[in-house]
Amino acid sequence: LSSPSGLTHESHKKDVEQVYLRCSEGSIEWMYPTGALIVNLRPNTSPASYKHLTVCIKPFKDSAGANIYLEKTGELKLLVRDGDRSPRKVYCFGYDQGGLFVEATPQQDISRKITGFQYELMSKGIASDLHTVSAPCRPCSDTEVLLAVCTSDFVIRGSIQDVTNEAEEQESIIHVGVNKLYRQKSKVFQLTGESGNWRGQIKTLLECGVRPGDGDFLFTGRMHFGEARLGCAPRFKDFQRMYKEAKDKGLNPCEIGPD
């Protein structure tokens, strides 16, 4: 978390401040913005791998007071306009396309403004999976499911307890009861209440039309800005079938023990 403040150089409204970020994910919170910030993302990886990275930013809900640009060799491309209230929108670009230039807009009272956003660096392949435009709700093939089991941030067997639709954000929240936890990168699925049941929430696109239903599913997916995003989710009995068929042929890419 980086938290510069414009009040420290209020008398220099044209100042440009450099910020260097070494983490692969985090957030910027610019309090009372004046002048501009140049945000330099310098992950602790080999420079040779930079061309394979995608940067995604997600403005805070109440972010205000500055425009956010993509900057390369002095040329600016507007990413987020001050006051844009597009709910939960995520902006992604290739690491080699440039850096971030955050410029404060003229304000009568800067003390009421805070500009902020979360950021993530990820491989271009993962970013493409998360932000695919074509057929985002299509069922996964057997091969895609088996690969998702090996590479996803979370893999669980569970049932859909409820679905909450958020029309404004064009998202659905799947409330999942967990029967078996195979893997999770973050503690999204946790023990709740005295009953000792594991529960958690997974988000997906509203257009996918997810509804509560009977039976168990194998839920896979990735963490994105602290939220679990749905990937492949076949019915568990179908996963057992495809896993056994691949194992009998020696083609399953990893072991998971699906029983």
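Let's start with Val102. Not counting residues up to four places away in sequence, Val102 touches Trp30, Gly35, Ala36, Leu37, Val39, Ala66, Asn67, Ile68, Thr115 and Phe117. Contact here means heavy atoms within 4.5 Å.

A word on the model. It is predicted, so local features need pLDDT of at least 70 and side-chain atom pairs count only at pLDDT 80 or more, while totals for chains, interfaces and linings use all residues. Residues are numbered from 1 along each chain as its sequence is written, and side-chain values use heavy atoms, with hydrogens and water left out.

Back to Val102. Which residues touch the most other members of the largest nonpolar core? They are Leu41, Ile57, Leu100, Val102 and Phe117, out of 25 residues in that core. A nonpolar core is a set of buried Ala, Val, Leu, Ile, Met, Phe, Trp, Tyr and Cys residues joined through side-chain atoms within 4.5 Å. Buried means under 20% relative accessible area, exposed means over 50%, and partly exposed is in between, with a 1.4 Å probe and protein chains only. In soluble globular proteins, nonpolar side chains tend to be buried together.

Now the sheet. Four terms of order first: S2-S9-S4-S7. These 4 strands form an open sheet, and the pairing is antiparallel. Strands are DSSP runs of E with at least two residues, helices are runs of H or I with at least four, and both are numbered from the N terminus. Two strands pair if DSSP finds at least two bridges between them. Strands of a sheet pair through backbone hydrogen bonds, either parallel or antiparallel.

Which strands stand at the edges? Strand S2 (25-31) and strand S7 (91-94) do. Each has a single partner strand, so one side of each is left without a neighbour in the sheet. Neighbouring strands of this sheet are turned by 20° against each other on average, direction ignored. Axes are lines fitted to C-alpha atoms, for helices over the stretch in contact, and angles run from 0 to 180 degrees between N-to-C directions.

Look at S9 next. S2 and strand S9 (residues 114-123) pair in the antiparallel sense over 7 bridges. In that pairing, Gly26 stands opposite Tyr119, and Met31 stands opposite Ile114. S4 also pairs with S9 in the antiparallel sense, over 7 bridges. There, Pro59 has Phe117 as its bridge partner. Why is S9 described as largely enclosed by the rest of the structure? Because 7 of its 10 residues are buried.

Phe60 sits in the loop between strand S4 (53-59) and strand S5 (66-72). It is partly exposed, because its relative accessibility is 26%. Phe60 touches Ser27, Ile28, Glu29, Gly116, Phe117 and Gln118, again not counting residues up to four places away in sequence. Phe60 and Ile28 are 32 residues apart in sequence, and their C-alpha atoms are 9.5 Å apart in space.

On to Glu120, which lies in strand S9. Is Glu120 buried or exposed? Buried, at 8% relative accessibility. Leaving aside neighbours within four places in sequence, its contacts include Ser24, Thr54, Cys56 and Phe225. A polar atom of the Glu120 side chain lies 2.4 Å from the backbone nitrogen of Phe225. Glu120 and Lys58 are 62 residues apart along the chain, with 8.8 Å between their C-alpha atoms.

Phe225 itself is in the loop between strand S14 (217-224) and S15. Phe225 is buried, at 7% relative accessibility. What is its phi? Positive, about 50°, although Phe225 is not a glycine. Tyr32 also has a positive phi of about 50° and is not a glycine. Tyr32 sits in the loop between S2 and strand S3 (36-41). Most residues other than glycine have a negative phi, and most peptide bonds are trans.

Next, Glu227, in strand S15 (residues 227-230). Glu227 is buried, with a relative accessible area of 17%. Its side chain makes a polar contact with the side chain of Lys203, at 3.3 Å. A polar contact is a pair of N or O atoms within 3.5 Å; within protein, one must be able to donate a hydrogen and the other to accept it, and residues adjacent in sequence count only if both atoms are side-chain atoms.

That is my tour. Questions, please.
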